[in-house]
Amino acid sequence: MNFQQLKYVRAAVQNNLNLTEVANVLFTSQSGVSKQIKELEAELGFEIFVRRGKRLVGITPAGENVVRVINSLLAEADNLKRLSEQFTQEDHGRLIIATTHNQARYVIPPTLLHFTSLYPNVEIELRQGSPKYVAETLVRGEADIGVATEAVDAFPELETHPCFTWEHVAVVPPHHPLLDKADPTLADIAEYPIITYNPGFSGRSKIDAAFEAAGVAPDVRLTATDADVIKAYVELGLGVGIVAQMAMTDQPSEGLIAVPGSNGPFGISTTKVAIPRGVLLRNYAYRFVEALAPHLDSAVLSGARRGALNRPEALLPFSDWRDLHLPRETVALAAIG
């Protein structure tokens with residue numbers, strides 16, 4: 001039994017039992033992968049995989065237990081490697097962040113600006129996709145940190161922490177009739193075609209639930225995965241946009257306008273940061289998590305110090321969270337203005 005065999009089994013599971021894909025990912029031959037897995041099964045005395053001819057088509061009941069143990073062993077082996085790197089290359093390395101468009105566009109930039117000033121020798125890679133993609137990328141070990149609103153809580157392999165809370169807002173061009181209403185209702189908003197997120201993105205479930213609870217059937221005319229596209233079509237006059245409030249923080253005054261009072265009906269959403277459960281990250285990764293969620297203690301999160309991990313009462317709404325991450329001169333100018 002050797003680590004190479006364990007890695008082949010893990011890779012087979014991660015690549016839907018496709019040994020051709022496993023061979024490509026691990027830069028080896030398909031026959032070599034198959035041989036190593038069979039040798040491990042012979043040593044164990046039972047089969048890990050169900051086969052149809054030469055193809056793997058499933059995992060045996062005993063194999064399910066083997067896969068769990070293998071994942072744990074390889075995770076601990078990776079932890080040992082990272083532990084060594086903590087002391088030999090404390091401020092050098094790579095940080096892979098899986099996230100959605102909204103977070104990559106509106107949330108992560110000010111955090112990265114501060115982070116890179118502290119760790120100029122750490123390379124950052126952003127991988128964007130749906131919330132489910134973010135979670136699955138973390139589970140497969142292909143990213144260190146995930147940032148999303150939806151999906152990540154549904155994966156027991158992940159440890160999640162709230163970053164900040166936020167709301168949806170309706171957005172319209174200047175002079176739109178909705179701007180004349182003091183407290184627009186969902187029925188008022190639904191009088192116009194709706195342009196908003198695809199299902200599964202940026203709290204879309206909250207939007208749907210709000211309309212359903214109000215007994216209103218909106219005419220969702222167009223959906224997209226990111227707010228920039230939604231805003232572009234709203235500017236064309238195709239309908240009323242419903243976007244995350246963070247997507248309006250840098251909107252020019254002559255562009256779109258968030259309808260006052262439109263945030264109330266949609267409820268509160270929470271952006272979360274996720275990390276693989278039981279995996280030791282580099283120290284700078286925990287500092288990045290702490291920057292995203294200031295109520296967390298990076299030393300406690302990493303296990304370097306005992307104590308209370310977070311203070312739930314310190315969870316901030318997005319507007320206050322954003323103020324913490326703006327450059328000091330920007331905050332000063334805003335206060336003067």
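Buried here means under 20% relative accessible area, exposed means over 50%, and partly exposed lies in between, with a 1.4 Å probe and protein chains only. The model is predicted, so local features need pLDDT of at least 70 and side-chain atom pairs count only at pLDDT 80 or more, while totals for chains, interfaces and linings use all residues. Residues are numbered from 1 along each chain as its sequence is written, and side-chain values use heavy atoms, with hydrogens and water left out.

**The chain as a whole**

- The secondary structure of the protein chain comes to 13 helices and 12 strands; these are DSSP runs numbered from the N terminus, helices being H or I with at least four residues and strands E with at least two.
- Of the 337 residues in the protein chain, 42% are buried.
- The protein chain has an accessible surface of about 17000 Å², and carbon and sulfur atoms account for 53% of that surface; areas come from the Shrake-Rupley method with a 1.4 Å probe, and for residues only the protein chains shown count as cover.
- Among contacts between residues at least 6 apart in sequence, 72% join residues at least 24 apart, a contact being heavy atoms within 4.5 Å.

**The surroundings of D188**

- The side chain of D188 reaches the backbone nitrogen of T185 at 2.9 Å.
- Apart from neighbours within four places in sequence, D188 is in contact with L178, K181 and D183.

**Strand 11 and its partners**

- Strand 11 spans residues 268-276 and is mostly covered, with 7 of its 9 residues buried.
- Strand 5 (residues 145-148) pairs with strand 11 in the antiparallel sense over 3 bridges; two strands pair if DSSP finds at least two bridges between them.
- V147 stands opposite V273 of strand 11.
- Strand 6 also pairs with strand 11 in the antiparallel sense, over 9 bridges.
- T270 in strand 11 is the bridge partner of T165.

**Salt bridges**

- The count of salt bridges comes to 13, where a salt bridge is a side-chain nitrogen of Lys or Arg within 4 Å of a carboxyl oxygen of Asp or Glu.
- E41 forms a salt bridge with R51, and the closest N and O atoms are 2.9 Å apart. Because E41 lies in helix 3 and R51 in strand 1 (residues 49-52), the pair ties together parts that are 10 residues apart in sequence.
- E41 counts as buried at 6% relative accessibility, whereas R51 is partly exposed with a relative accessible area of 24%.
- In helix 6 (residues 131-139), K132 and E136 are 4 residues apart and therefore separated by about one helical turn. Their side chains meet in a salt bridge at 3.9 Å, N to O, and E136 counts as partly exposed at 29% relative accessibility.
- Helix 8 (residues 204-213) holds D208 and R204, which are 4 residues apart and so separated by about one helical turn. The side chains of D208 and R204 meet in a salt bridge at 2.8 Å, N to O.
- R204 counts as buried at 8% relative accessibility, while D208 counts as partly exposed at 35%.
- A network of salt bridges links R94, E123, E125 and R127.

**Loops and surface**

- F27 is found in the loop between helix 2 (19-26) and helix 3 (30-44). The phi of F27 is near 55°, a positive value in a residue other than glycine, and F27 is exposed with a relative accessible area of 79%.
- H175 lies in the loop between strand 6 (158-172) and helix 7 (186-189). The phi of H175 is near 70°, again a positive value in a residue other than glycine, and H175 is exposed with a relative accessible area of 77%.
- V229, Y233, L236 and L238 form a nonpolar patch on the surface, with about 350 Å² of accessible area together. Patches are made of residues with over 30% relative accessible area and no salt bridge, like charges being joined within 9 Å and nonpolar side chains (Val, Leu, Ile, Met, Phe, Trp, Tyr) within 5 Å.

Key. Polar contact = N/O pair within 3.5 Å; in protein donor to acceptor, adjacent residues only side chain to side chain.
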